Amino acid sequence: MTDRTFVTSTTNVPKDMQFNPYGQQYPDRAALALFENLIYVNEATSEFMPGVLESWDIGEESVTLSVREGFHWHSGEAVTAEDVAFKLKLEIHDGAALGNVVSPDDVSVADETTVEVGLKRAVADEVFLYSLKPIALDTPPEEFREFLDAYEADGKAPGLTEKTLEEPNGTGPFAFVHARNQELVAERFEDHPDAEHVNFARFKWNYLQSNQKQWQALRTDTVDGLDNIFTPDNIAQSYGDHVREIQMPANWGMGIMFNHDHEHYGQQNVKRAVQYVIDRKKLARTAGEKMHVPVEVPCGLPGNFDGSYEDWLGDSLSSFDAYETDTDRAASLLREAGFSKDGGTWTDADGKTLSFPFKIPAGWNDWTAGGQSIVQDLQDFGIEASLNPSQSFWGDINDGQKYVVAGLGWADGKLYPYFSLNKLLNSFRSQTVLNFPSTVEVPPLGEPDGELRSVDLEAELQELAGLTGDAAKQKTQELAWVVNRHLPMAPLMEKIDQSWVTTDDWNTVTGDDEDAIVDYPQYYLPREGKLTAKPE
Amino acid sequence: MSQGNQSETKPAGSGGFGTVADSSLSRRERYRRVLDLWVVAPFRVVWNDVRARIGTALVLGFVTVGVVGPALVAEPRVGQAPLLVGPFRGGIVGGSWYEVTNASLFGLSVPWLAFHWPLGTDNVGRGILEQVVHATPRMLTMVATAGLFVTLLGTTVGALAGYTGGRLDQLLSTAVDIVLTLPGLPLLLILVALLEPESPVVLGIVLSLQGWAGMARAIRSQVLTIRSTSYVEASRAMGLSTPAIVAKEIVPNIMPFVMINMVNAMRNVIFASVGLYFLGLLPFSEVVNWGVMLQLAYSNGGLLTLDAAHWLLVPMVSIILLSMGLILFAQGMDRVFNPRVRARHAETTANGGDEPAESSPRTASLGGDL
């Protein structure tokens, strides 16, 4: 046991943090140390690992979850199946993905360590487990009981988002000590079942708001690790040899989102033209070659970093439009849609030009670099795009839909294809932010000129959630084909997350260890005893 | 100036105040004098003043870069070169950043120097020199627009209010007060968010929207003072027309003031645009402003590693040089607009007048006359 403190960073003001997961100020990353997730997943292989749940048995009609013994709330009480069931119900009521397959009434406690969950319909293991994955045991029943009662009484829990907690009562290996303007501190929690693996005394988060500050902190050794931060090569090389990089697939990446309410960018031909114009290889190179791979076939399936999407598409792969950069094809698509090129710029029949500010979040360096490549391609082609890194990006996109075309992640961060397809075709976001229709017409897979068939997206995605094996593959291909034709978003790149740990004071593993590819090494590895302090 | 002496020696024409030229000038002589006083003399003034010389050279240099630079230097494009190449790669002498080749000029092969990203490249492989040069025309357009806008509006409103007085003065002064009390930065942020200006002309005007008021206020006070000086009263009593009084007596006296205000407005708009681009509040489609370069360089760790330092330094130096050039130029112009200094440097004035150009005590007493 040492007296070391693992120092890292947070982009949330520690004093303003609220450890209510349903509120606005929940610090997602720091929470990974304070709370225990139900399960963990290796992002490269989709292999699931135990957290609060020791094991799970997924049947046709129900799932049995076993709670690992030895967990305690930081206030001292033991964690029971009751706590897990409570959390699951609250999540389902609150609209979590799990609610698609489980009704809150079907969650019941079998004994001290077992929770029984009834399924609405058959569901693929991955779909069920990925729905569990984002859930952490972070709502002590004594604090949140009233909200579950309210939900159960009339389906609403007013005030849940505003609920504030004096101090978080967590379940993770580190317990909250204090949160000040510039720092959050947590100390080792002895009653955690994995506490024996943790040989350092504290975790500390410094408030480092920008990428520049975090890079600077790692360069000057004022932090011991950073969970996930894009780092240009020249900066990475300026770190000493003692700074270790762990790369992990993000199953996520930049895409172009179109506001389908816009007269131009809701048109299928315009969207496809944009996808044809952008040189994705150059884009990935510009945004940072090591951290970005171009999307090979824009079909809504992640896995471009290792080509695993090809297994899902199988023989149908060749039928998909790979959208290799082809400005002639783009031009003919636009002409087909009634546009003409006038003085180097595309205009519609009324003389309105195809132009838009390409909105991206301010401060995202890789996207800013990549955005310049995108804008250059579009301008060369005759679409008047400009780059607009916006401070008010999230508000503009989510609340007011004050955008025409913007950059946003197209995939859902999970390798299993259902999730990204669902996000693109059927999610809250696709319906209310992208304004993508709920029913679309597509020709049969591989026959672009064939007879159109109408696809009810919600129904088909629900069906996909329950399919396994070849049936799941078949349906995935059909829906990927819808994405490939309609492009609710234009998928462009897939990202590799970069995590950093220093090794002068710490023993740790490399990215080859499968435990290192669990979000994020500095939080998961100590639980496994794979991030330990060197003797002082 | 010395008409008094001569009028005594001549027979009075019509009444005591009538004046008669002591000699008649040929048209050519007159043009020569005008040219001498307004073109050659200012040039000499500039040449004899170090500040003015440096300032003018810098400003002219930037204008030249702005006008012919984009034609000579390749357009900056994403991916045109390797990423983050350092400046003068391979050393200033013998490096790989330049190459002696041959170029064909009217069918003749002449030795030619080809440059390869002499000032290095940024993180997306665009030449830094290329960016600075291609941003220059837009910077200059923006700066000139702002300078013109502020000067025209400020001087006109200020001079009109100060010289006419009365109702018009009250009205104009109230307007100036109102503009002055508007909170500058919030107004700017709102306008920029509303207009999302990309054209340098619009940007120049938006960013200097408040600048003219301060200038108008200052000019008004200055004009008020000058207006009540004895020599202006005398000119009026002599029946000179208002335009003549304004041109001969008022303008030379407020010109240094106008110049320095104009230059300040220009510098402010440089800094404001750089600041707004730096904060990411303005949309951009290409590198249109050195502020964009600074922002990109900073946010990509230009401060952290030497690899990227040139990316930050080059636009910074450009901004400093242009700003310094403008200030030195304005200070030099102080002397150009000073009739005494100009007269001293004009050959025709020295010959035709009664004071030797070189005599400093004489000049001092001349100052007393003015």
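The structure is a predicted model, in which local features need pLDDT of at least 70 and side-chain atom pairs count only at pLDDT 80 or more, whereas totals for chains, interfaces and linings use all residues. Residues are numbered from 1 along each chain as its sequence is written, chains are lettered from A and ligands numbered from 1 in the order in which they are written, and side-chain values use heavy atoms, with hydrogens and water left out.

The size of an interface is often given as the accessible area lost when the parts come together. The contact, defined by heavy atoms within 4.5 Å, takes 27 residues from chain A and 24 residues from chain B.

Across this interface the rule finds 7 residue pairs in polar contact, with both residues at pLDDT 80 or more. A polar contact is a pair of N or O atoms within 3.5 Å; within protein, one must be able to donate a hydrogen and the other to accept it, and residues adjacent in sequence count only if both atoms are side-chain atoms. The rule also finds 1 salt bridge across the interface, the term being applied to a side-chain nitrogen of Lys or Arg within 4 Å of a carboxyl oxygen of Asp or Glu. The side chains of Arg77(B) and Asp380(A) meet in a salt bridge, at 2.4 Å from N to O. On the side of chain A that touches chain B, two or more residues are given by each of α5 (211–219), α6 (233–238), α8 (280–288), α11 and β20 (384–390) of chain A, helices (H or I, at least four residues) and strands (E, at least two) being DSSP runs numbered from the N terminus. Helix α11(A) gives the most to this side, with 9 residues. By class, the side of chain A that touches chain B has 9 nonpolar, 14 polar and 4 charged residues; Ala, Val, Leu, Ile, Met, Phe, Trp, Tyr, Cys and Pro count as nonpolar, Asp, Glu, Lys and Arg as charged, and the others, Gly among them, as polar.

In chain B, which has 15 helices and 2 strands, 40% of the 370 residues count as buried, that is, under 20% relative accessible area, with exposed meaning over 50% and partly exposed in between (1.4 Å probe, protein chains only). Helix α11(B) is mostly covered, 9 of its 10 residues being buried, among them Trp290(B), Met293(B) and Leu296(B). The buried residues of α11(B) pack against α5 and α11 of chain A as well as against α3 (50–72), α4 (128–164), α10 and α12 (309–337) of chain B. Asn289(B) is found in the loop between α10 (242–278) and α11 (290–299) of chain B and is buried, with a relative accessible area of 2%. At the start of α11(B), a side-chain oxygen of Asn289(B) reaches to within 2.5 Å of the backbone nitrogen of Gly291(B). Leaving aside neighbours within four places in sequence, Asn289(B) is in contact with Ala135(B), Met139(B), Met142(B), Ser273(B), Val274(B) and Tyr277(B). Just after α11(B), Gly301(B) takes a positive phi of about 80°.

In chain A, the buried residues of helix α10 (residues 327–336) are Ala330(A), Ala331(A), Leu333(A) and Leu334(A). These residues cover an arc of only 160° around the axis, which puts them on the same side of α10(A), the arc being that of the directions from the helix axis to the C-beta atoms. The buried residues of α10(A) pack against α7 (268–277), β18 (345–347) and α11 (365–381) of chain A, while the face turned away from the buried side carries the exposed residues Asp328(A), Arg335(A) and Glu336(A). At the start of α10(A), a side-chain oxygen of Asp326(A) reaches to within 3.2 Å of the backbone nitrogen of Asp328(A), and just after the helix Gly338(A) takes a positive phi of about 95°.
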